[in-house]
Amino acid sequence: MNVLGIETSCDETSAAVFAAAGGSGRLLSNVVASQVDLHARYGGVVPELASRRHLERLGPVVDEALEGAQLALDAIDAIAVTCGPGLVGALAVGVAAAKATALALGRPLIGVNHLEGHVYASLLEHPDVPLPALVLLVSGSHTDLILMTERGRYEVLGATRDDAAGEAFDKAARALGLGYPGGPAIDRAAARGQAGAVRLPRPFPDERSLDFSFSGLKTAVLRALAKHEREGGTPDPAWVADAAASFQEALVGVLVDKTVRAAHVRRVRAVLLGGGVAANSRLRRRMGEAAQALGIPVYVPSPILCTDNAGMIAAAGAHRLARHERSSLRLGAYAELDLTDRVPETGVDVEP
Ligand code: KG4
Ligand code: ZN
């Protein structure tokens with residue numbers, strides 16, 4: 001079954017074709033058109049501009065995905081689309097296109113929770129992940145520790161109380177003058193710096209809680225910068241690299257520690273990483289080392305599958321379709337959706 005995936009929840013316009021077979025499958029194409037150039041000068045995503053760019057780019061991106069898969073549109077058996085959470089105007093572009101395509105082709109439609117998409121970025125490459133597994137989902141808007149007892153069944157064990165991990169990266173990068181998007185910029189700068197050279201607190205290391213809190217860390221970066229300047233220093237590239245490395249180490253350290261603790265307490269058989277921050281080189285390395293100590297495998301998606309892409313949406317959709325789940329043509333765009341929420345207008349064999 002060929003599933004066309006569509007993703008427009010934030011600032012990547014993406015389409016993919018996933019050839020589902022049994023419980024697994026493979027990606028035939030996964031096209032991501034980034035809008036980074038459009039938003040960079042504003043230092044963050046401008047929702048109105050994002051929606052308009054999705055509108056312009058989605059058609060050509062879908063064509064490119066079909067071309068990459070060497071399939072004509074009528075060889076598509078189902079359409080999977082991100083319907084939330086995300087920017088509502090941006091989501092609406094993808095949902096409208098998916099509904100129109102499903103209606104025109106007479107094929108089933110499935111609305112996909114973007115967060116479940118990030119979980120499938122790992123499952124897509126490793127369909128035989130042993131369960132129960134622990135998922136660390138770290139994106140621009142989420143920092144969640146999730147227990148997955150079976151596919152599609154999740155329990156949130158911990159979450160951020162303020163800024164998400166990706167948001168903290170983006171804000172710290174802005175404070176350090178490293179630009180947007182901040183995560184990759186800090187990752188690169190940190191490679192030239194020394195962790196610990198700039199003293200920063202460990203963010204919310206409380207051992208009794210699996211929640212996270214990162215807003216204090218961002219403030220600490222700003223304070224360190226002000227102190228450095230007061231003492232006559234300049235935020236030259238060497239100091240910025242040290243600050244970036246120190247920030248990254250503090251944030252990654254707490255992510256790894258809490259994941260290890262949760263994995264231990266809940267006796268999981270594997271750890272999965274997902275979301276844009278899972279592309280972070282330090283997190284990938286430290287989580288790998290930690291898993292060795294735990295004696296269980298860690299699955300980290302390839303970097304292209306960590307950040308937003310339609311491949312993971314098509315894979316998550318294919319799994320729900322295989323369980324006979326369908327969305328009706330009343331499917332909407334939902335700004336707020338938790339991983340454990342039922343996707344609205346969706347059920348087993350819902351009538352259009
Ligand atoms: O999953 P994603 O593409 O979009 C959301 O669903 O939010 O995540 C985007 C976030 C941004 O905050 C970005 O700065 C961060 O992921 N990110 C990274 C890296 N690449 C992307 N953070 C740290 N290191 C990276 N290499
Ligand atoms: Zn995402």
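## Strand E1 and a zinc site

Strand E1 and strand E4 (residues 78-84) run parallel as a pair, joined over 4 bridges. Here helices (H or I, at least four residues) and strands (E, at least two) are DSSP runs, numbered from the N terminus, and two strands pair if DSSP finds at least two bridges between them. This is a predicted model, where local features need pLDDT of at least 70, side-chain atom pairs count only at pLDDT 80 or more, and totals for chains, interfaces and linings use all residues. Residues are numbered from 1 along each chain as its sequence is written, chains are lettered from A and ligands numbered from 1 in the order in which they are written, and side-chain values use heavy atoms, with hydrogens and water left out.

| Partner of E1 | Sense | Bridges | Example bridge |
|---|---|---|---|
| E2 | antiparallel | 6 bridges | Asn 2 with Ala 19 |
| E4 | parallel | 4 bridges | Leu 4 with Ile 79 |

Getting from E1 to E2 takes a hairpin of 4 residues. E1 itself (residues 2-7) is mostly covered, with 6 of its 6 residues buried; buried means under 20% relative accessible area, exposed over 50%, partly exposed in between (1.4 Å probe, protein chains only).

Now for the metal. Which protein donors hold the zinc ion (ligand 2)? They are His 114 (NE2), His 118 (NE2) and Asp 308 (OD), 2.0 to 2.1 Å from the zinc ion. Donors are N, O and S atoms within 2.8 Å of the metal (3.2 Å for Na, K and Ca); water is not among the atoms, so sites may look incomplete. His 114 sits in helix H4 (residues 114-125) and Asp 308 in the loop between helix H10 (303-306) and helix H11 (310-322), so this pair ties together parts 194 residues apart in sequence. Both His 114 and Asp 308 are buried.
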